[in-house]
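Subject: Structure handover

Hello,

I am passing on the structure below, followed by notes on what was found in it. Please read them with the structure open.

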Amino acid sequence: MKNFLKMSMITLCVSLSGLLCQTYGGNTLQTNVRTKVDLLKSLIYDNTKATVTLDSSALKQLIHISSDSSSSSQRVSFSANLESKSLTLGVGQTVKYDTVLTNDGKGYDDRTGVFTCPVAGTYMFVVDSLSYPGLYLYLQVNKKTAARLHVSFDYKDKPSVQISRTVIVTLKFGDHVKVENQGKNGYIHHGLYSGFSGFLLY
């Protein structure tokens, strides 16, 4: 029984130390760290008597804070492709990628083609397309252009060209990101050759 209690206490302290070493900024984290230290003080280990006395209410609070801390580090990523049919878009139309491979955080909406930021931070986005010469695609963050893709008319002797663009941007909660066509009759080939992906870096 004594060995079991010792092992339980060691496991609890290791778990707590991992929580205290997290590097998220802000007053909330500092308050949580102070709270965890206070709770740890209430978990009393008597070496001379080789017994462990646990304050059950403090332990419950510590477990609750541990759960909150782990959930605060959300994973956000998505990857969508154009699979079922090719698109021919007019000026200002949003590209709606119809096949969603991953959508952690539920930020991408395949009905609108828009990614809505669920967690503020720095994101990487990748846009690629198999298209005809004359295509202009813009990566729009809210109403601002963050990147452009273009297939030059110099490739007019080629039936289609594969293009790609990668950007890193800082987003706030609720910001919108989408791929928008800015040329006349913008053609985007289907069959998983064209896609839109993004993920939270930090």
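A residue counts as buried under 20% relative accessible area, as exposed over 50%, and as partly exposed in between. The model is predicted.

Salt bridges come first. The structure holds 3 of them. One joins the side chains of Asp175 and Lys172, with 3.8 Å from N to O. Lys172 has a relative accessibility of 56%, so it falls in the exposed class. Asp175, at 8%, is buried. Another salt bridge links Glu180 to Lys178, at 3.3 Å from N to O. Here Glu180 is buried, with 11% relative accessibility, while Lys178 is partly exposed at 22%. Arg111 and Asp109 form a salt bridge too, and their closest N and O atoms are 3.0 Å apart. Arg111 is exposed, its relative accessible area being 65%.

In soluble globular proteins, nonpolar side chains tend to be buried together. In this model the largest nonpolar core has 32 residues, and those touching the most other members are Tyr97, Phe115, Tyr123, Phe125, Leu139, Leu171 and Phe196. Two or more residues of this core come from each of strands S3 (77-82), S4 (87-89), S8 (121-131), S9 (136-141), S10 (144-150), S11 (161-171), S12 (176-181) and S14 (194-200). Strand S11 gives the most, with 5 residues.

Which residues form a nonpolar patch on the surface? They are Ile168, Phe199, Leu201 and Tyr202, and together they have about 430 Å² of accessible area. Ile168 sits in strand S11, and its relative accessibility of 52% makes it exposed.

On the aromatic side, the structure holds 11 aromatic pairs. In one of them, the rings of Phe78 and Phe196 have centres 5.0 Å apart and planes at 80°; planes over 60 degrees apart count as edge-to-face, so this pair is of that kind. Phe78 belongs to strand S3 and Phe196 to strand S14, so the pair ties together parts 118 residues apart in sequence. Both Phe78 and Phe196 are buried. Ring pairs also link Phe78 and Phe196 into a cluster with Tyr97, Tyr108, Phe115, Tyr123 and Phe125. Separately, Arg148 lies over the face of Tyr138, and its distance from the ring centre is 4.8 Å.

Last, two backbone angles. Most residues other than glycine have a negative phi. Asn185 has a positive phi, near 50°. Asn185 is in the loop between S12 and strand S13 (186-188), and at 61% relative accessibility it is exposed. Leu192 has a positive phi as well, near 70°. Its place is the loop between S13 and S14. Is Leu192 buried or partly exposed? With a relative accessible area of 46%, Leu192 is partly exposed.

Regards

Notes: Residues numbered from 1 in each chain as written. Heavy atoms only, no water. Salt bridge = Lys/Arg side-chain N within 4 Å of Asp/Glu carboxyl O. Buried < 20%, exposed > 50% of the residue type's maximum accessible area, 1.4 Å probe, protein only. Core = buried A, V, L, I, M, F, W, Y, C linked by side-chain atoms within 4.5 Å. Helix = DSSP H or I, 4+ residues; strand = E, 2+ residues; numbered from the N terminus. Patch = residues over 30% accessible without salt bridge, like charges linked within 9 Å, V, L, I, M, F, W, Y side chains within 5 Å. Areas by Shrake-Rupley, 256 points an atom, 1.4 Å probe, with all protein chains shown as cover. Phe/Tyr/Trp six-rings, centres within 6.5 Å; stacked < 30°, edge-to-face > 60°. Lys NZ or Arg CZ within 6 Å of the ring centre and 35° of its normal.
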